[in-house]
Amino acid sequence: MYKHRLLFVPVLALFLGCNSNKALVEVAEPAPPEKYTPHVNDDYRASRPLDMKMVHTKLYLKPDFSQAWMYGTAYLTVTPHFYPSKKITLDAQGFQINRVELVGSDFFKPLQYQYDGRQLHIELDHTYSAGVKVQLLIDYIAKPNELKDVSGSSAIQGAKGLYFINPDGADSTKPVQLWTQGETESNSCWYPTIDAPNQKTSQEIYLTVDTAFVTLSNGELIYSTDNGDGTRTDYWEQKLQHAPYLTMLAVGKFYVAREQWRGKEVSYYVEPEFAATAAKTYPNTVAMLEFYSNLLGVPYPWDKYAQISVRDYVSGAMENTGAVIFGEWAQRTERELLDGSSESTVAHEMFHHWFGDLVTAESWSNLAINESFATYGSYLWDEHKYGAMEADRGLYGNLSGYLNESKRKQVDVVRFYYEDKEEMFDGHSYAKGSRILHMLRKEVGDKAFFAALKLFLTRHAHQAVEVQQLRLAFEEVTGRDLNWFFNQWFYAKGHPVLDFNYAYDAETAEIVLKITQKKSGEEVPLYRLPMQVDIYTADSKTTQSILFTRETQEFRFKSERPLLVNADADKILLCEKTENKTREQYLVQFQRAPLFLDQYEALLYLRGLKTDLQARSSYLDAMQHAFWFMRQFAIQQYDFTDWKKDANLLVLLQKLAKEDPNSSVRAAAVAKLGEVDALAYGPFFLEILTQDSSFRVIGTALPLYAKTDSVKVMDLARALEPHRLVRGQVLEVYAAYGDADLADFFESSFAPAQGWGKVVILQRYSQLAQRLDNDVLTRKALAFMKHVPSRSNNVYLSRIASQESLKLAALLPPAEY
Ligand SMILES: [Zn+2]
């Protein structure tokens, strides 16, 4: 799963009970004594016991859009895992249960059951032994919108499994759709199953819908039958087993583009208005299938690869087996694609088809098996397609993301104590885990890394596993113990805080590198950190390998006096760090050290040296760097205090604003010209506005040009009204320069706007009314703000509306508010 926003996390866990699992351990030197947090046994998040195992799931489904119900008949094949059993408990959330029967070769036999609204407890006709298959029939109606939460009060918006979008078609801004979201344990809101990641089932789905709709599910569409009554039944089959949370459905009016890869169908589902860019909505899909299949040595195992974008999706994207769901954000027009695409998410979800779908985390505690790998999958694609700089930039984002989270949360990556399973989808499972995998790759080497992954995937295909099984695969391939690595990174919290002190001992002609490690928090281990150290002299670069294991350790290398000593030369350590590098050393690092982080860290240091000619020269180089991010960073970050005086610099900036191939760089250059002298560059901005196609660039230039010509800019803004990616800037211009007759535009834009876009509309509308201070307009805007809560159930949006209402009310005569 790829999350675009934080999900609401209910605080449910109770810290009650005894401390009986508080352990006393003896730890050998040199590691510090480990302290165990006294956990409560009841909070231990065990994998779901395998009493009964799912074998096969066959569903007959018919959605009823008028009631937002799903009529279903499920045929479930199950078998006792080990212990003989006479009963089975199925997850079945918010159902009306009509019938529960045992299915024999030539009979149906009613079974006794109890249903509590969440689980269906079925009494079998006799005790069954392990391996003996039992087939059950459950006839039911799923009512996801009527699902009550634990307190029985309201529907759980974030975990109802089955979502009917605009089911009565009343909202003219939205298509009618149906889609599902199984992860973590929500598919049991629309079909009965054992809803745990350590279950695996093959599946058949007969889905009956209005003939106007397209359907999508896992596996292959074997056939479609027109029922002659305005409905059609699509039969989807997936013979290979996967976990129940990966089952999916989507129904709606979609345009579908198709191609073939190694004899398998690759399909792209979009809303019809995006038909022209259907395949580009999910860029490089086929190339990625080929790349990952070859890299892992395990060909993509599933029947087909489909991707679909749906409305009002509750996450960013989800790796349902062979049928990935994206939010509507992924759909873009040709012109919108100039400013970026969903490519890294496409990579993330596709890599899940090996890590998550083929080999699955046996419990949410082991989510690293799914999410750390999927996150690292994007790195591998970027490295292959765009080179190490781009990939390392992403990995640095992961490091920053994790370090940021670590300020408020430091937990084991693999952890068996947490309050809610949704908590596992955090910066530890994604960002930190991805960075750990990168260190593991460097530790064992590329050949061993990918050989171990192949062994792991092959041995555990269609199984549920824990992170320890990954370790065993690596140990088997490399012949080395790796407990130390997995223990300190996956099974401990925190990270090292390192200090690198570089000195030169002229008497002995030795470089002296002193490294100190502190802990990022309590219960953090003393780290064992193998690393490379690069030594740069005037005409050479040599590399030393060291193993840093203590709190403080000194390393000496024979050398002439170096220009730069660069510890953690691979720039892979997951740490916070300080270094006593000098200005001269950072100048060398920027010029000669090859990696993204080498150069980025040097620029960060040099940024503070405003009057330093060499620092300035480095930034000028960075503005012409081969890697786009360095150019953008240099434009945005360095304070050329004399921008206006340096004609060459301004020429360079204008050249970047007009000609740079990357729209982020062009936009940064336009913004900088605006900072330097927005008025003087008015004609230049007009040229940009009429010549550049990128919305990012145009959106940057539009408000800047307004300073030159506040009348003409209104015409330009009106022409840009249809384009959602510049909607914010158009509203900014309208709010600052527009008339009262724009009120209708603000109001009509509100319903179709998404997320943050609605907030911007409210704030800009209020700004317009405040600026014009016209009672008629103020009353109109105020009336609109007051109705926001009835138009949206978003609490944050209602709060913004009420804040803006207060500002507007203050403009009216006191009697009116
Ligand atoms: Zn994911």
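Buried means under 20% relative accessible area, exposed over 50%, and partly exposed in between, with a 1.4 Å probe and protein chains only. The model is predicted: local features need pLDDT of at least 70, side-chain atom pairs count only at pLDDT 80 or more, and totals for chains, interfaces and linings use all residues. Residues are numbered from 1 along each chain as its sequence is written, and side-chain values use heavy atoms, with hydrogens and water left out.

**Exercise 1.** Find which residues of helix 16 are buried.

Step 1. Helices (H or I, at least four residues) and strands (E, at least two) are DSSP runs, numbered from the N terminus.
Step 2. Ten of the twelve residues of helix 16 are buried, including Phe695, Ile698, Leu702 and Tyr705.
Step 3. With contact meaning heavy atoms within 4.5 Å, the buried residues pack against helix 14 (663-677), helix 15 (682-691), helix 17 (712-720) and helix 18 (727-737).

**Exercise 2.** State which protein atoms are donors of the zinc ion.

Step 1. Donors are N, O and S atoms within 2.8 Å of the metal (3.2 Å for Na, K and Ca); water is not among the atoms, so sites may look incomplete.

**Exercise 3.** Is Asn320 buried or exposed?

Step 1. Asn320 sits in the loop between strand 19 (317-318) and strand 20 (323-327).
Step 2. Its relative accessibility is 0%, so Asn320 counts as buried.
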